[in-house]
Amino acid sequence: MSTDGTTGTTRTTRTTRTSRKALVIGGGIAGPVMALALRKAGIEAEVFEAYENSAEGVGGTFGLAPNGLGALAVVGLGAEVGRLGQPVGPMVIEDGRGGVLGEFAGLADLPHQRLMRRAELYEVLQRRLRETGIEVRHGKRLVAAEEGAAGITAHFADGSSATGDLLIGCDGTGSTVRTLIDPDAPAARYTGLLGIGGYSAHRLPGRAGRGETVHFANGARAFFGYWGLADGSGTAWFSNIPQPEQLTSEQVRTVGMTEWLRRCRELHADDLPARDVLRRADPDTMETFPRLEIMPSVPHWYRGRMVLVGDAVHAPSNSSGQGASLAVESAVELARCLRDLPDHTAAFAAYEAMRRPRVEKIAADAMRTNNQKAAGPVGRMVFRLAAPILMRTVMSPEKMLRPVHGYRIDWEQRVTPVVPKVPVVPVVPVGRQGRAGRAA
Ligand SMILES: Cc1cc2nc3c(=O)[nH]c(=O)nc-3n(C[C@H](O)[C@H](O)[C@H](O)COP(=O)(O)OP(=O)(O)OC[C@H]3O[C@@H](n4cnc5c(N)ncnc54)[C@H](O)[C@@H]3O)c2cc1C
């Protein structure tokens with residue numbers, strides 16, 4: 001059962017329309033799931049990805065939560081993705097000196113969250129697109145869109161174009177579609193944190209070493225996360241380092257992994273077990289994430305035939321552990337709305353009404369965590385003192401995890417219209433809109 005309370009859903013037989021075609025911009029996580037869900041809804045889709053090559057093998061490790069796995073099950077990927085990586089048991093919150101502040105056991109009736117390499121999920125998505133016969137066109141960077149009464153034409157940086165009935169922006173935090181919808185749309189905001197992660201040959205004792213738990217610690221100078229690899233071969237780790245001025249990818253690359261590892265060791269020199277994990281960390285396995293970002297509330301999720309999905313409209317930052325899960329939820333929910341509401345404006349309005357409160361609440365919670373991670377020594381001390389009490393009261397698993405992880409999409413439930421708000425977007429002349437050369 002969908003947890004949205006806004007759309008007044010009813011269960012009836014539906015008519016599937018087959019005549020519409022969607023141009024899906026972005027072949028990351030939301031884009032492929034969007035295309036698969038549209039296909040299930042009887043709507044044709046084609047995916048356009050800016051990069052020339054597919055991203056197999058690229059990206060670090062991330063967690064897919066039970067709600068994300070539930071959304072992937074709707075498009076027939078639940079079992080396959082549910083076998084990727086390793087399951088996560090209880091989340092242990094530590095004081096950075098080896099002491100435990102509290103523990104979040106998972107919710108017994110939900111599947112375990114899974115930690116996987118981004119590339120593993122990517123491969124499954126790309127394979128399923130191929131099997132389903134959905135085209136992914138690489139080297140197609142959207143730069144402009146032209147909308148008329150009969151359809152919408154996407155223009156790409158290589159001079160080519162494509163026409164469809166709808167244009168769905170799954171193009172991440174630097175979304176071009178977002179600025180085509182509203183030139184004044186807010187940009188993603190830097191969290192003030194730099195992400196670094198990799199693998200270490202250090203073996204943890206007990207259940208941590210067996211990969212049964214995942215651990216987070218607000219250390220003396222930076223935030224540290226780690227978990228034992230399920231095969232017992234070592235430890236995966238990441239650090240979120242306060243970095244007030246955002247560095248460019250080039251600046252981060254120039255520093256070099258050996259130097260980043262040295263800095264991590266210095267920052268975590270007083271933290272346990274971070275110090276031991278980092279002592280045996282391998283710089284060749286490390287990745288840096290200079291753009292840890294969060295999307296502020298986006299006033300306009302859609303305009304005309306264009307709509308936004310995933311990080312393009314609701315990136316809740318890595319601290320939520322929910323970016324990918326919310327992206328796939330939104331993709332499936334939008335497909336459901338388009339299936340049941342042939343008028344795309346009605347479908348977009350229902351989609352926004354069902355998604356906005358949920359994603360903005362999760363982003364607001366993550367923002368508080370980011371502030372905590374970026375806090376100075378006093379803030380860290382306050383957290384250490386308050387955490388045990390908070391975890392027994394307001395931060396109980398039932399209160400914290402149930403609303404987020406327990407969300408399930410009922411694909412069979414019919415969506416009924418909401419009263420659409422009239423989008424008051426700064427006037428953009430009908431016709432060709434956009435600007436070339438925007439970076440993803
Ligand atoms: C360090 C880190 C850790 C994270 N950990 C987690 C976690 O544990 N759990 C979790 O759920 N999420 C996590 N996330 C967030 C997660 O990675 C994102 O939420 C997710 O990738 C969003 O998917 P998306 O498809 O919306 O965007 P993306 O994955 O960013 O995909 C967007 C795609 O659009 C393409 N594109 C951009 N512009 C254009 C254009 N103009 N034309 C055509 N194509 C374009 C891009 O090349 C890209 O392929 C983490 C993120 C980071 C950085």
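Author: In the protein, 76% of the contacts with a separation of 6 or more are between residues 24 or more positions apart; two residues are in contact if their C-beta atoms, placed from the backbone, lie within 7 Å. This is a predicted model, in which local features need pLDDT of at least 70 and side-chain atom pairs count only at pLDDT 80 or more, while totals for chains, interfaces and linings use all residues. Residues are numbered from 1 along each chain as its sequence is written. The protein has 15 helices and 22 strands (DSSP runs, H or I of at least four residues for helices and E of at least two for strands, numbered from the N terminus).

Around the ligand there are 36 residues, and the closest are Gly 26, Gly 28, Gly 172, Gly 310 and Gly 323. Helix 11 gives the largest share, four residues. By type, the shell has 16 nonpolar, 15 polar and five charged residues. Here Ala, Val, Leu, Ile, Met, Phe, Trp, Tyr, Cys and Pro count as nonpolar, Asp, Glu, Lys and Arg as charged, and the others, Gly among them, as polar.

Val 24 has contacts beyond its neighbours within four places in sequence, among them Gly 31, Met 34, Ala 35, Ile 168 and Cys 170.

Methods:
Near = placed C-beta within 6 Å.
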